[in-house]
Amino acid sequence: MDRYARWNALLEMLTESGRVTVEEAADRLDVSQATIRRDFDQLAQQQMITRTRGGAVANGVSYDLPLRYKTAKNSAEKQRIGAAAAALVTPGTVVGLNGGTTSTEVARALAVRPDLNTNAEGAQLTVVTNALNIANELLVRSRMKVVVAGGVVRPKSFELVGPLGGALLREVTLDVALLGVDAIDPHLGAAAHHEGEAAMNNLMVARAKRVVIIADSSKLGGHAFARICPVDRVETLVTDSGATPDVVDAFRAAGVHVICA
């Protein structure tokens with residue numbers, strides 16, 4: 001287990017229980033207590049936890065972990081979701097793509113499709129994104145046209161938020177918006193933890209002809225602070241096979257086409 005995966009596991013343990021001792025963490029992760037002490041010290045320096053005698057307690061920020069610590073969670077499911085969502089994209093269209101680990105897998109799947117990587121007249125794919133890491137994934141792997149919305153960078157997600165990016169999004173039209181979310185509920189709609197990200201995503205929804213939500217099954221039926229859009233604005237939900245039949249049926253009853261990758 002590498003350092004970031006270990007940190008992710010520690011933060012999840014603290015989210016679940018609120019307090020973890022060095023001895024308990026070392027036993028669960030099968031590493032030395034010295035390693036755990038160093039991990040706790042480094043996480044405390046980043047103000048993600050509070051160090052205590054013999055352990056650590058949660059700060060509360062671990063509910064919205066930085067993107068670089070979340071990549072290991074549900075990675076296989078997210079790769080399948082990314083491939084299934086990318087398959088919905090046709091050459092020559094304009095795609096909106098926000099940030100997050102699942103959106104990153106979509107970008108990677110788009111980048112390796114040869115039919116989307118042509119410079120032929122009228123066939124080039126255009127991706128509009130407010131996430132720096134998504135733009136980087138596409139720029140280094142493909143020849144697509146990449147448009148980046150401006151704004152202030154959120155270090156946790158690499159997303160740009162604020163009125164500067166909103167000004168650009170209001171001037172474009174998207175054929176499809178592929179949006180990762182923190183939660184989606186068949187009654188409450190799609191939502192994000194951070195209001196700035198939700199506002200940018202809402203603008204993408206407003207400028208899109210079609211809206212596709214990409215979310216692993218752990219996010220289905222969940223709640224988050226800021227709403228992105230109501231469920232009747234969502235055409236398709238791409239999730240994984242871990243979604244329960246009851247939840248899938250609820251989304252289908254709400255008029256959403258569900259794809260379980």
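Trainee: A crossing is right-handed if the near helix is turned clockwise from the far one by less than a right angle, and left-handed if anticlockwise. So which hand is the crossing of H5 and H6?

Mentor: Right-handed. Bear in mind that this is a predicted model.

Trainee: Noted. At what angle do H5 and H6 pack?

Mentor: About 55°, with 8 Å between their axes. H5 covers residues 75-86, and H6 covers residues 101-111.

Trainee: Which residues of H5 and H6 meet?

Mentor: From H5, Lys78, Gln79, Ile81, Gly82, Ala83, Ala85 and Ala86. From H6, Thr101, Thr102, Glu105, Val106, Ala109 and Leu110. By class, the contact has 7 nonpolar, 4 polar and 2 charged residues.

Trainee: Now the sheet of 7 strands. What's the order?

Mentor: S6-S5-S4-S9-S12-S14-S15. The sheet is open, and the pairing is parallel. S6 (145-148) and S15 (257-260) are the edge strands, each pairing on one side only. From one strand to the next, the twist averages 20°.

Trainee: Which helix packs on that sheet, touching S9, S12, S14 and S15?

Mentor: H5 again. The direction of H5 makes about 145° with that of S14, residues 236-239.

Trainee: How many bridges join S9 to S12?

Mentor: There are 6. S9 spans 174-180, S12 spans 208-214, and they run parallel. One of the pairs is Gly180 with Ile214 in S12.

Trainee: Switching to the sheet of 3 strands. Parallel or antiparallel pairing?

Mentor: Antiparallel, in the order S10-S11-S13. This sheet is open too. Its edge strands are S10 (183-185) and S13 (226-229). The strand-to-strand twist averages 35°.

Trainee: And which helix packs on the sheet there, touching S11 and S13?

Mentor: H9, residues 195-207. Its direction makes about 10° with that of S13.

Trainee: How many bridges join S10 to S11?

Mentor: 3, with the strands running antiparallel. S11 is residues 189-192. What stands opposite Ala191 in S11 is Ala183.

Trainee: How do H1 and H2 pack?

Mentor: At about 125°, with the axes 11 Å apart. H1 is residues 3-17 and H2 is residues 22-29. That angle makes H1 oblique to H2. The cut-offs explain it: roughly perpendicular stops at 115 and roughly antiparallel needs over 145, so the rest is oblique.

Trainee: In which crossing does H1 pass H2, left-handed or right-handed?

Mentor: Right-handed. H1 contributes Arg6, Ala9, Leu10, Met13 and Glu16 to the contact, and H2 contributes Ala25, Arg28 and Leu29.

Trainee: How does that contact of H1 with H2 split by class?

Mentor: 5 nonpolar, 3 charged and no polar residues.

Conventions: Residues numbered from 1 in each chain as written. Predicted model: local features only at pLDDT ≥ 70, side-chain atom pairs only at ≥ 80, totals over all residues. Heavy atoms only, no water. Pairing = 2+ DSSP bridges. Helix = DSSP H or I, 4+ residues; strand = E, 2+ residues; numbered from the N terminus. Axes fitted to C-alpha atoms, helices over the stretch in contact; angles between N-to-C directions. Contact = heavy atoms within 4.5 Å. Parallel < 35°, antiparallel > 145°, perpendicular 65-115°, else oblique. Nonpolar A, V, L, I, M, F, W, Y, C, P; charged D, E, K, R; others polar.
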